[in-house]
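Welcome to a guided tour. Please open your viewer, load the model, and follow along one selection at a time.

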Amino acid sequence: MPELLIVDDHPLFLEGLRQFLATHAQAEVRCASSVEQALVMLDAKLPDAMILDVMMKDGTGLQLLSKIRARGIRTPVILLTVMIQPEQTLEALKLGCSGITLKESNPQELLACVETVLAGGTRVDARVMELALMHSVSAGQPHRSPTDILTEREKELAGLIRKGLRNREIADRLGLSEGTVKVHVHSIFKKLKVRSRAELIVNTNAG
Amino acid sequence: MSLASDSRVGQVASGAVQHRVGHTLKGVAVAAARWLPGVLLATRLLLTIAISIVLGNLHGTSSGLREIVNWTQVILVGWNLVGLLILVLPPRMELRLQPLMLVCDAMIGLTVIALFQSVLSLPALLCLIPVGWLLQQRLGTPAAASLALSVIVTLLLRDRFEPWGVILEFSRYRGLVDADTVVIGSIIAVAMAGAFFRAEEIRAWREHLIAIGGNVRDLPFNQLLEHVVEVLPAHTAAIMWREIESDKDGLLVVRRGRQEQPHLDPAVFQAMLFPTWADGEYLFSGTSNKVLLRNRLGALVLQPAADVVGGIADALELRYGCSFPLIAGNVRARIYVEHGHHWSAHVLDECGLIAGAIEDAMERHSVMNAWRDRSLVEARHALSADLHDSVLQTLAALRLRFETILRSQSDDLRSGLRDDLESLVTLVTAEQTHLRQLLDVTRRQHGATQSLSEALGRCADLIIKQWGIQCQVAIHCPDFQLNAATAIEVEFLFREVIANAVQHAGAQNITLAVNLQDDALLLAFRDNHEIGRESSPALDNGAIQSNSVLTRLRKLRAHAYADTLGKSVLLSVRIPLSA
């Protein structure tokens, strides 16, 4: 009978999953409700596979995975989560995660994943993999700042607006007339789709 | 205790004295700055007297020189008279002649410095200070800088001339020169100190206004006007504004603390808010029907504007004063203040400073509001993510528990109970899928599409289970793929209409027909209940009354109307699909 260790801080889900796996997977199931407790239990005995939640109160499943890999523990790991960011998926795969399943998936999907992983294979939810692929494709493209669409002169003006300078001050500093500055500012607003200097400061600073 | 108390009293008294002295100096200096032409007249007269005294001593030295001295004195008297005359000319003439007079003043002052060396250099220099000040106001900084450069060059070259002054006994006039110097120097010092205090006052006012702008959720225009009449001492001020996006106009007048909102003819409003001849600040006067402003080169221009000045007098009951524009966010505004200006360039420039300070305050207010809104949105998203996470966890746990019960106790479960549990599993699964779709922002951001018939079919199944009613969906465009973001909104609308129909009208049988027509999605909801029962707020005859349904319709930019159709109520919705 395979031995599984589930680590999840949601008590209702933890108990539901324990009962489900004990009934359906015919497995011996141990439970930990925190990263710390899981590490203590791993010191006592290594399971055949581990099922980790990604977000927990005292740390993430990825941190736990990283720690057990650092200790040289090669036990297969399945991440079972409500939501996982694409970059977390890529990080998990780099750390040798064998399976990723979403909590709202059909429970039979979880059973299939556990069986595959126990047999030495890998199984990642198709939607999770799709998002990770989309992310890796877009991550390959150079990062575009919102102000990239501006001309060099407009970028210079936008920088001065972000510093809080008025049109008159900008005109003095750049040796332009106030009218020319107004035309540039209007063009910047139009290109960046903002309605005011305030919006420009808030949006482009955050971007 | 007593000493401490005395010390505090002393500090308070000292502060009060400082405040009083500062206030007095400021008043004198502001008056000096405003009456700069008068100061120039005084220094010009002083220089004339000094030259006359010096030339009087040369009068008897030779017969040839006597004639020159006489003519020089005539010219000097004429120079002073013209200077005096210019001050009483109408503003239009004054604005044209004053620059010429200033150039003459500069030439005479420079000539005196070059020819008379130390004896008359001091009064000439003192005369040139208000000249330079006025040149800066009237012809801009380059003109004042040119004068300063000329003075330096003259001082450097003056030894190349045979100084007339060397033949005079300087000590005889030392007392007079000293007294003149003290008087004129004091006037200039007070004027400069006053200008400094006034600049400090405006700076403090600006800081105060910006602090208010950053700390209040709304910056009411009446409060803004109260601050304006505080810095530009006035009884009446008005603000007119337009919100660019909504084209919403407004006018507010504060007259001796009372607020008024007079109605203006749209054409007059437009002319006063956006005068075609000025995009900056200007002074106006109803007695001459003229306005004073700076042109693009910064030079002062006095021009007739009878219609606008008349409009200001009729609409706002302001006979004279100043006006300046405000641009902040999507608001374009103009403030009018009743203020005695005597066509002073100084007042005009002060208006520019005040307008800049108000714009800064309004911008700060906009920035702080934008940050607040952004923070609230982010907090709401974080809260919503937490909530969704918790709900999804709970749903997943319920589903696992149900599955476990169904399997582990399959033999013990009665058939009805098993059906109920299986139905609950289906319901939980459907809710999980729906919630996942809502949370899947990435797919929507990448412009993913989804089958409308699949989405509405799934939604109808869920509704049937949730409400226990009959719901049929007839889709006449089964292959239609809809933008994922729009599909979710359509699904929300579907749910909202059904919830209204069931909760408020007890609907038991609803049909939804879907079709495509002219780049629009047409939805027809039919509530097959008997007429005579309480009607549904969503499917009421005529206008849609449910706020929740109306909110959904607005998000989809949809149009809808309800109507009775035989024994049923029909709600027709048209959703445009083009951007």
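Start by selecting Arg495(B): with a relative accessible area of 18%, Arg495(B) is buried, a label that means under 20% relative accessible area, whereas exposed means over 50% and partly exposed lies in between (1.4 Å probe, protein chains only). Before you go further, note that this is a predicted model, in which local features need pLDDT of at least 70 and side-chain atom pairs count only at pLDDT 80 or more, while totals for chains, interfaces and linings use all residues. Residues are numbered from 1 along each chain as its sequence is written, chains are lettered from A and ligands numbered from 1 in the order in which they are written, and side-chain values use heavy atoms, with hydrogens and water left out.

A salt bridge here is a side-chain nitrogen of Lys or Arg within 4 Å of a carboxyl oxygen of Asp or Glu; helices (H or I, at least four residues) and strands (E, at least two) are DSSP runs, numbered from the N terminus.

Next, select Glu489(B), Glu496(B), Arg552(B) and Lys555(B), which a network of salt bridges links. Then move to Arg44(B) and Asp105(B), whose closest N and O atoms are 2.7 Å apart in another salt bridge. This pair links distant parts of the chain, with Arg44(B) in helix 2 (residues 36–58) of chain B and Asp105(B) in helix 4 (residues 91–139) of chain B, 61 residues apart. Are these two buried or exposed? Arg44(B) is buried at 2% relative accessibility, and Asp105(B) is buried at 0%.

**The sheet of chain B**

Switch to a cartoon view and look for an open sheet of eight strands in chain B, with the order 3-2-1-8-7-4-5-6 and antiparallel pairing; two strands pair if DSSP finds at least two bridges between them. Its edge strands, strand 3 (258–260) and strand 6 (300–304) of chain B, each pair on one side only. From one strand to the next, the twist averages 20°.

Highlight strand 1 (residues 236–243) and strand 8 (residues 331–337) of chain B: they run antiparallel and are joined by seven bridges. Met240(B) has Arg334(B), in strand 8 of chain B, as its bridge partner.

Which residues of helix 7 of chain B are buried? Select Phe221(B), Asn222(B), Leu224(B), Leu225(B), His227(B), Val228(B), Val229(B) and Val231(B) to see them. With eight of its eleven residues buried, helix 7 of chain B is mostly covered.

**Over to chain A**

Select Glu152(A) and Lys155(A), where the side chains meet in a salt bridge (3.5 Å, N to O). Being three residues apart in helix 7 (residues 152–162) of chain A, they are separated by about one helical turn. Glu152(A) is exposed at 60% relative accessible area, while Lys155(A) is partly exposed at 29%.

Last, pick Thr60(A) in strand 5 (residues 59–60) of chain A. Thr60(A) counts as buried at 18% relative accessibility. Leaving aside residues up to four places away in sequence, Thr60(A) touches Val35(A), Val54(A) and Met55(A), a contact meaning heavy atoms within 4.5 Å.

Key: Axes are lines fitted to C-alpha atoms, for helices over the stretch in contact, and angles run from 0 to 180 degrees between N-to-C directions.
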